[in-house]
Amino acid sequence: MPATRPKVYSSIYPYIDAANFKNAHKGKVVLVTGAGRGIGQQIALHFALAGAGTIILLDLAVANLTETIKLCEEHGSQPLPFACNVSRQKQVDSVFDEIFSKVRDIDILVNVAGVCNAKPILLETYATIWRDIEVNLGGVIQTTMKVLPRMKARGSGCIINMASRAGTITLPYLASYGVSKAGVIKFTESVQKDLDTDGLGDKIQIYALHPGAVQTDLSRRSMDPEVAAAYPKFVANRPKWVKNFNTSVDLAAAVCVALATGRVKNSMRGRYLDCEHDLEAFTTDEAEKEILSGNLHTLEVNFLGGLPNDGGSSSNLFTFKE
Ligand SMILES: NC(=O)c1ccc[n+]([C@@H]2O[C@H](COP(=O)([O-])OP(=O)(O)OC[C@H]3O[C@@H](n4cnc5c(N)ncnc54)[C@H](O)[C@@H]3O)[C@@H](O)[C@H]2O)c1
């Protein structure tokens, strides 16, 4: 029986309340992708409430960012909006060139831009599957590659990637989304492993976060007519399913602000966190021991008979020694 069992919250709870984080990120430069609405907009707002100096806002069009710009300004942060499709390498290259001509560095990167194309695999095409992967995973990879060298040179930084529970369980009609989010979780683990191996783990932390089940444009979007025609039951059940999306839209935002202070970096860096789990429970030595020894909050495989996943007869192959 595990010693630590975090409480579960569907909305902001006292430990992560914005009032506790006033000036926690004073003067910092924060970049949020997909900041135009939903979870990304709340994340920008909560970093403004935490005193961020400049908040770089990316979305498909600057017009999408009007409301977020206003929210940042109202709370004393300087918004820097950019139109950028995070799945397009040329756009990412030129937007980041412009960003780095305006700000010295990015202290905190939050990758939120995402799409969800719920479709039975037989109605998908390679192009539609790959588009989701390019946005949800490709976008995370591209922005991370842009900020990491400067974080390394400076010796500090934090990256938070919006993952999804769909990357840890297998659901029907969500192959492209599930693959992209599992990729985000694995990429997060892999980047942190590199940083740890290079002795930078204490300086730069990267996390994958499930923002809960939130009613947003992404979760409420209408069904593709082709799917609706072929799967009428799926369509009929959808409103009932979406009704169960009970997490408040700002919970992940408050968790991001708290995570970026580094308070759980010893136990959780490189790992996957569900934003509904009480963050305070992750700050104890006991929790840290349990997480590290059990390799919790990662994508893991379990074998019949409890056999270890150590490569069996090739177990020495993967030991890294310089
Ligand atoms: N809503 C949920 O229940 C839920 C659950 C799990 C994970 N998530 C993840 O949280 C993130 C935010 O979701 P949301 O519900 O707020 O969605 P949303 O659709 O409300 O917002 C997504 C934002 O990303 C932007 N965007 C989309 N594609 C982009 C691209 N290629 N480049 C730049 N910007 C792009 C959109 O314009 C929009 O502003 C997504 O990564 C999503 O997968 C959401």
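This is a predicted model: local features need pLDDT of at least 70, side-chain atom pairs count only at pLDDT 80 or more; totals for chains, interfaces and linings use all residues.
Q: What is the strand order of the open sheet?
A: The sheet has seven strands, and the pairing is parallel. β3 (78-83) and β7 (272-274) stand at the edges with a single partner strand each, so one side of each has no neighbour in the sheet. From one strand to the next, the twist averages 20°. Reading across, the order is β3-β2-β1-β4-β5-β6-β7.

Q: What angle does the direction of α1 make with that of β1?
A: α1 packs on the sheet, where it touches β1, β2, β4 (108-111) and β5 (157-162). Its direction and that of β1 make about 170°.

Q: Which strands does helix α9 touch?
A: Helix α9 (residues 251-259) also has a place on the sheet, with its direction at about 165° to that of β6 (204-210). The strands it touches are β4, β5 and β6.

Q: Are α4 and α5 roughly parallel or roughly antiparallel to each other?
A: Look at the axes: they are 8 Å apart, and α4 packs against helix α5 (residues 175-197) at an angle of about 20°. Angles under 35 degrees count as roughly parallel. α4 and α5 are therefore roughly parallel.

Q: How many residues of the contact of α4 with α5 are nonpolar?
A: On the α4 side, the contact includes Ile-129, Ile-133, Leu-137 and Val-140, and on the α5 side Val-179, Val-184 and Phe-187 are among the residues they meet. Six residues of this contact are polar and two are charged, while the nonpolar count is 11.

Q: What is the handedness of the crossing of α3 and α4?
A: The axes of helix α3 (residues 89-102) and α4 come within 11 Å and cross at roughly 30°. That makes α3 roughly parallel to α4. In the contact, Gln-89, Val-92 and Phe-96 of α3 meet Gln-142, Thr-143 and Lys-146 of α4. The crossing is right-handed.

Q: Which elements each supply at least two residues of the shell around the ligand?
A: 33 residues surround the ligand, and Gly-34, Gly-38, Gly-114, Thr-216 and Leu-218 are the closest. By class, the shell divides into 16 nonpolar, 14 polar and three charged residues. The elements that each supply at least two are α1 (38-49), β2 (54-59), α4 (126-154) and α6 (217-220).

Note on methods
Residues are numbered from 1 along each chain as its sequence is written. A residue is near a molecule or strand if its C-beta atom, placed from the backbone, lies within 6 Å of it. Helices (H or I, at least four residues) and strands (E, at least two) are DSSP runs, numbered from the N terminus. Ala, Val, Leu, Ile, Met, Phe, Trp, Tyr, Cys and Pro count as nonpolar, Asp, Glu, Lys and Arg as charged, and the others, Gly among them, as polar. Axes are lines fitted to C-alpha atoms, for helices over the stretch in contact, and angles run from 0 to 180 degrees between N-to-C directions. Angles under 35 degrees count as roughly parallel, over 145 as roughly antiparallel, 65 to 115 as roughly perpendicular and the rest as oblique. Two residues are in contact if their C-beta atoms, placed from the backbone, lie within 7 Å. Two strands pair if DSSP finds at least two bridges between them. A crossing is left-handed if the near helix is turned anticlockwise from the far one by less than a right angle, and right-handed if clockwise.
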